[in-house]
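These are my notebook entries on one protein chain. I record what I looked up, entry by entry.

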Amino acid sequence: MSRTSPGQAPGFQRFRLGGLLVTALYDGFVPILAEDLHGEPQTEIRRRLADAYLPEDGDLHTAVIGFLVEDDGRRVLVDAGSGSTLGPHTGHLREALSAAGVAAEDVDHVLITHLHPDHSGGLVTDDGEPAYPRATVHVSRAEADHWLDEKLTARATGVQKQIHEAAAAALEPYRASGRLDAFDFLDAVPGVCALDQQGHTAGHSGYLFTGGDEPVLFWGDTVHSHTVQLPCPHVSISIDSDEGRAVKARARVLDDVAGRGWWVAASHLPFPGLGHLRPDGEGYRWVPVHFKPLDQSY
Ligand SMILES: [Zn+2]
């Protein structure tokens with residue numbers, strides 16, 4: 001008799017936040033390395049990682065999370081995961097969506113925080129077909145203009161060139177069928193306010209769902225390493241397009257979130273990536289959600 005591995009639980013968790021039904025969808029994990037974090041001495045960054053029982057070299061299993069938001073019969077996906085752009089440890093968001101009982105055809109809108117492949121690669125299937133065949137894809141005009149710019153793409157090298165090419169491939173079928181909306185800030189879709197977080201990328205956007213009585217901010221890559229960047233928000237990461245502007249954007253967003261008591265849905269905090277922030281010393285402390293039945297409100 002053969003024994004098979006029991007495997008992990010399906011990669012989704014649901015929460016009711018005010019009038020919103022939010023489903024966190026686990027796409028996989030990526031490494032966030034200590035050597036890529038700047039703004040504090042490496043010894044201090046490594047000390048903080050070790051203090052959290054992580055390898056000193058970095059958090060090798062940093063979650064990649066997308067979120068489905070359902071309100072008033074509308075299904076909105078915030079970020080699409082990696083698809084096949086980053087290898088087998090990622091690209092599982094659609095499986096998680098399916099495990100949660102939602103068909104890709106039922107998604108009406110996809111809001112993209114930015115066009116790095118861990119957030120947008122999953123817009124297309126391996127065959128280059130739209131993974132969400134009925135959905136309109138929304139991304140800030142500054143973000144789309146930057147990554148789709150032919151001159152910038154031709155001049156780019158290394159990882160930056162790969163990002164340009166992956167972004168173009170992810171958006172192409174939606175653009176070709178008239179289902180790409182490149183928006184200017186503040187008006188993504190009704191009930192959702194796009195917040196300008198430029199710095200990590202040229203058009204990095206947070207999405208604030210304001211319709212319910214409990215605002216929720218989906219912030220994309222405001223934080224990559226919560227272990228380091230919440231106590232030390234001035235620490236940047238080498239994948240930031242403009243590290244100085246990314247630090248300023250983070251300071252603004254963290255202050256807003258903690259001051260107003262918004263829920264946060266974060267792409268790279270521990271799954272399910274939902275929680276609140278509290279000011280703590282020079283930085284902030286993460287207060288995560290707890291697993292609980294859906295009919296128990298907070
Ligand atoms: Zn990311």
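**Entry 1: Glu-172.** I looked up the place of Glu-172 in this predicted model. Glu-172 belongs to helix H6, which covers residues 158-176. Is Glu-172 buried, exposed or partly exposed? I counted 16 other C-beta atoms within 10 Å of Glu-172. A buried residue needs 20 or more and an exposed one has 12 or fewer, so Glu-172 is partly exposed. I then compared the position of Glu-172 with that of Asp-72: the two are 100 residues apart in sequence, and their C-alpha atoms are 29 Å apart in space.

**Entry 2: The chain as a whole.** I listed 8 helices and 15 strands in the secondary structure of the chain. The radius of gyration is 18 Å, close to the 19 Å that the globule rule gives for 298 residues, so the chain is as compact as a globular protein of that length. Along the principal axes, the C-alpha trace spans about 55 × 50 × 50 Å. I noted that 49% of the 298 residues count as buried. Among contacts with a separation of 6 or more, 69% come from residues 24 or more positions apart.

**Entry 3: A sheet.** I traced an open sheet of 6 strands with mixed pairing, in the order S9-S10-S11-S13-S14-S15. Which strands form its edges? They are strand S9 (192-196) and strand S15 (283-288), each of which pairs on one side only. Neighbouring strands of this sheet are turned by 35 degrees against each other on average, direction ignored. Within the sheet, I followed strand S10 (residues 205-209) and strand S11 (residues 216-220), which pair in the antiparallel sense over 3 bridges. In S11, Phe-218 is the residue opposite Tyr-207.

**Entry 4: A helix on the sheet.** I next examined helix H8 (residues 243-260). Helix H8 lies across S10, S11, strand S13 (263-266), strand S14 (274-280) and S15, and runs at about 100 degrees to S14.

**Entry 5: Nonpolar cores.** I found that the largest nonpolar core has 73 residues. Val-22, Leu-25, Phe-67, Val-110 and Val-216 have the most contacts inside this core. Strand S2 (residues 20-33) gives the most to the core, with 8 residues. I then asked which residues Phe-67 is in contact with, leaving aside its neighbours within four places in sequence. They are Val-22, Thr-23, Ala-24, Leu-25, Val-78, Phe-218 and Ala-265. Another core, of 8 residues, lies apart from the largest one; I noted Leu-37, Leu-54, Val-228 and Ile-237 among its members.

How values were computed: Residues numbered from 1 in each chain as written. Predicted model: local features only at pLDDT ≥ 70, side-chain atom pairs only at ≥ 80, totals over all residues. Helix = DSSP H or I, 4+ residues; strand = E, 2+ residues; numbered from the N terminus. Pairing = 2+ DSSP bridges. Axes fitted to C-alpha atoms, helices over the stretch in contact; angles between N-to-C directions. Contact = placed C-beta atoms within 7 Å. Rg over C-alpha atoms; globule rule 2.2 N^0.38 Å. Core = buried A, V, L, I, M, F, W, Y, C linked by C-beta atoms within 7 Å.
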